[in-house]
Amino acid sequence: MGPGGAGTSTVAAAGAVGVRRSAGRLAGSRRGKTLVVSLDRFHVMSGIFGVFSTPGQPIPASQQVDLLELDTLAMLADTWGTVRGALATGALTGTVVPGSDEVLAGLDPEEILGMPGVESLLALRRIRDEAASGKWSQVVVDTSGATDPFELFRIPQMVAGTIERLWPRHRRLGAATDNTRIARVVAVLDALIRDCSDIDDLLFDSSGVSAHLVVGADDHGVLAARRYQAVLQVMGLPLTSVLANRMLPDASADVDVTSHWYARKSAEQKVCVEQLREIGGEAELICLPWLSDPIDSVLRMRELGARLESRPMSAVGPGSAEVTRESGSGVDSVYRMRWRQSLPDPAGLKLGRSGDDLMVTVSGVRQRVRLPSVLRRCVVLGAHWDHGFLTVRFRPDPDLWPSQS
């Protein structure tokens, strides 16, 4: 992932190709091919590899890499065609509604495309299926084609939450008890919610998923890194590596290092690199060179030296939160939930409560945080951020707290 213009797609392709290895090391280090998935509807990735893409179908892009460019509009058309046909024939409802043929025939996939989350959920489900297929040694997902990668990550929760709010499960089950036609509809919705849960578990499984951030070695890149790091933290996904792209060659290279522009730019990049190193924390910092020629072949990609490696990372954000009782006992207790949280814009921090969840907004992204069981029976007293830590305090709700006898 990375901000626009950082070269995210190129780095994703180069990282999938990897650095050149000997045949023996390559054979021993790969159990299969790498799949690169692009969400860019303009098919930028196929242009980088110099191949003709077949949207929706993996195609060979190099000896060790296959490319899958997703056409979510075509996926939506297929899905909607199936649903429309089922509704028109009464397969889901058990009855044909008079005039349904005319109504359904007037609906196009483009209209349904406007519904929040539909397009992204189809893409995530396909990525999940590929990752779970066992065909690939790794799956590299280039999120630069998505409008907002963080909104993409929140889609499964949003879709499942919307269904539950509109038609809660206990009401669905009650309605389906004595009506086989409704039961079929309920089964479809339950399967969709399970799909959302499965995708959500995959996205935030730090043992199998690594997050790599591509930024420029400039002030814009540093600012973007602070924001991305903060949002990834609150989402509970550790940042595995920061790739500083387009670094100028050092003085030992055959370049004119005497110009004022070069000296100033090089000095600025060195300062930004140190800032990126500090922001990344445990994340590996990888500096990628500024290549003057177009990156349009596997050989040129390898010259970048991009690596997308997985390694064990410490838990971050709410997943690393400490919950302690600060004072009191029983209903007079005060509990504290505390975790390390970057906050580039302290004024943008917002917190709320929704049922058993804490709603935390950081850098314009709202994240639903499931509270530990003891805090679900409490009310929020307040919160503050200080010295890099977010602290939220709770007091037991007398109506929900076990009575002492």
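Which residue of strand 12 stands opposite Met359? Select Met359 and look across: Arg368 in strand 12 faces it. (Strands are DSSP E runs of at least two residues and helices are H or I runs of at least four, numbered from the N terminus.)

Before going on, note that this is a predicted model, where local features need pLDDT of at least 70, side-chain atom pairs count only at pLDDT 80 or more, and totals for chains, interfaces and linings use all residues. Residues are numbered from 1 along each chain as its sequence is written, and side-chain values use heavy atoms, with hydrogens and water left out.

Now select residues 357-362, which form strand 11. The rest of the structure largely encloses this strand, because 6 of its 6 residues are buried (under 20% relative accessible area with a 1.4 Å probe, protein chains only). Asp357, Met359 and Thr361 point one way, while Leu358, Val360 and Val362 point the other.

At the turn between them, Ser363 has a positive phi near 50°.

On to residues 350-354, strand 10, joined to strand 11 by 5 bridges, also antiparallel. Here Arg353 stands opposite Leu358, and Gly355 in the hairpin takes a positive phi near 65°.

Finally, colour by pLDDT, the predictor's confidence in each residue from 0 to 100. The protein's mean is 85, but pLDDT stays under 50 over residues 21-30 and is below 50 over residues 91-101. Where pLDDT is low, the predicted coordinates should not be read in detail.

Methods:
Contact means heavy atoms within 4.5 Å. Buried means under 20% relative accessible area, exposed over 50%, partly exposed in between (1.4 Å probe, protein chains only). Two strands pair if DSSP finds at least two bridges between them.
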